Amino acid sequence: MQSDTAAWKSDAEGYCIPLADTTSSDLKTSAPDPRAPKRHVTANAAHNIDLPNHDANSQECCSGHTNEIELVPTAGMFHREQLTQQAMAGSSGPSAYLNRDELLSMRTASLSSAPISLGTRRTNSPHEFYRYPGRFSPAFTRAAISVFSQKDDLILDPFVGGGTTAVEALVSGRRSLVADLNPLATFVTRVKTRPLAHNSRLAVQRWIDQLPQVTLLSRPSPETDIWLDQGYLKGLDTRLTWRIAKVIRLALAIVDPTDARTEAFCRCIVLRTAQWAFDMRSTVPSVEEFRSTLITHGRAMLKVAETFAESLDKTTELPYVMEKGVPGLADSVSKFTIQKPALVLTSPPYPGVYVNYHRWKLLGRREIRAPYWIANQLDGHGLAHYTMHARAEPTLRTYFDRLRRAFEDIARLVSATTTVVQLVGFNNPPDQLSRYLSTMNDAGFQEVLFPELATADDGRLWRSVPSRRWWTEAQSRRSIAPHTAQEVVLIHRLKQD
Ligand SMILES: C[S@@+](CC[C@H](N)C(=O)[O-])C[C@H]1O[C@@H](n2cnc3c(N)ncnc32)[C@H](O)[C@@H]1O
């Protein structure tokens, strides 16, 4: 990959959009027909992904948790040239070019246990447009970007989830290339990082203004609904939920499909509100409460979108968002020309942890696939597809095998000066950490330790995981004490032979 700004071009609004992720289609939610064979059709063949024939309701999809992580930022002085010098110098040690005080304060700040989200009150950034499970904190992301990269550098996140890295890269003036095999993840990442033009904002406003009338329960339901026929609304036909489901159907029925960004944004407003209403809460709100929250969320998100669009420097390239897994990403990326990343900042699924990235848990119990219906994305995989392993395999052999193949692919995308920063969680650190590190080694990476960051005798930055509501729930079934959940920041570079 060579540095090449031609990887982006200006769109009608003057924003620099990725060439291989074109704007006319990048927010087009691919309009899949859930009756069609499980294959995504997007504008760029490089992004196509085949969905094998998994039973979406299989027993694999059992449980999950929201992983609240908060690492607080600090200013950094670790620049790319320094990395380059270090890589060349070889033995001078990773901290040779670093400011000791800054590293120490980064360590202190990283141990903050403040929760990421503060309930419905916080909607003041695109991060809150959808609360993707397992997301890491924007503050941690910003700090890592600031320490390990410079303006116009490329940041890569191959497990981007809800898009934290993409949003923070964009606001920090960095290019980014982010990917995930979950279409729900790429949908929300695109909505969070594609500025809404004035006309699109007006169209969203018109949609919000119609909601009070159009979503009245006395209105007839939309006549045809292939999503309903295909079972995407399963679980929402109960006494407690059918009214809200009907409001959602009525609201989606009047979304304007002719403007991709407007459509995706309106869908995301519904997605956020439906997640609030259905996912992991002990009661379902009333239909009136749902409708008014939908409107409140819509107005708040629109306001954020306006501020966000105005705050962006139009010369900053918008992130490449690819619906693609690793391995497989390196081949897709090789089809276009782009610079090597200065930083890989990511958080893969954790070993032994089964997060429902693809399901909501109605009343904390029943798994529903409604997010795919609302986002207009195809669903078709079980839990193991997204967590890199199934519960049935406690040896974690599949997990580490898939992790190795993923990082072998990532190794093809980076250079000797790229820093790889990962946040990884373990419920059994002594065993899982050593396997993790040896997998990284097998994939071609060597660990870099920064003594000033260390919080433990092993020289690494460890933290206990706060607010693991669903971790507790998930782990209790497997008799693993939730308090053993620990996260570590791992830093690697390619092995120098
Ligand atoms: C811990 S989450 C990442 C969360 C992210 N850091 C954020 O802030 O939202 C891990 C993600 O990895 C994705 N994933 C799992 N296996 C993958 C693979 N082989 N290739 C790409 N993405 C994968 C899952 O779909 C999930 O979105």
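Which of the 24 residues around the ligand come nearest? The points below begin with the reply.

1. Ligand shell. G134, R135, G161, T164 and G325 come nearest among the 24 residues around the ligand; a residue is near a molecule if its C-beta atom, placed from the backbone, lies within 6 Å of it. By class, this shell holds 15 nonpolar, 7 polar and 2 charged residues. Here Ala, Val, Leu, Ile, Met, Phe, Trp, Tyr, Cys and Pro count as nonpolar, Asp, Glu, Lys and Arg as charged, and the others, Gly among them, as polar.

2. Basis of the model. The structure is a predicted model, in which local features need pLDDT of at least 70 and side-chain atom pairs count only at pLDDT 80 or more, while totals for chains, interfaces and linings use all residues. Residues are numbered from 1 along each chain as its sequence is written.

3. Confidence. The protein averages a pLDDT of 80 (the predictor's confidence in each residue, from 0 to 100), and 75% of the residues score at least 70. Confidence is highest in strand 3 (residues 154-157), with a mean of 98, and lowest in helix 2 (residues 80-89), with a mean of 39. The pLDDT is below 50 over residues 37-92, a stretch that has 154 contacts in the model beyond near neighbours in sequence; two residues are in contact if their C-beta atoms, placed from the backbone, lie within 7 Å. Residues 470-484 also have a pLDDT below 50, with 23 contacts beyond near neighbours in sequence. Where pLDDT is low, the predicted coordinates should not be read in detail.

4. Overall fold. The protein has 17 helices and 12 strands; these are DSSP runs numbered from the N terminus, helices being H or I of at least four residues and strands E of at least two. Of its 497 residues, 49% count as buried. A residue is buried if 20 or more other C-beta atoms lie within 10 Å of its own, exposed if 12 or fewer, and partly exposed in between, with C-beta atoms placed from the backbone.

5. Leaving aside neighbours within four places in sequence, C268 is in contact with F129, Y130, V188 and V191.

6. Strand pairing. Strand 12 (residues 486-494) pairs in the antiparallel sense with strand 9 (residues 419-426) over 7 bridges; strands pair if DSSP finds at least two bridges between them. V424 has V488 of strand 12 as its bridge partner. Strand 11 (residues 461-464) is antiparallel to strand 12 over 4 bridges, with L461 partnered by V489.

7. Backbone geometry. Most residues other than glycine have a negative phi, and most peptide bonds are trans. The peptide bond from V326 to P327 is cis, with omega near 0°, and P327 lies in the loop between strand 5 (320-323) and helix 12 (329-333). D152 has a positive phi of about 75° and counts as partly exposed, with 15 C-beta neighbours inside 10 Å.
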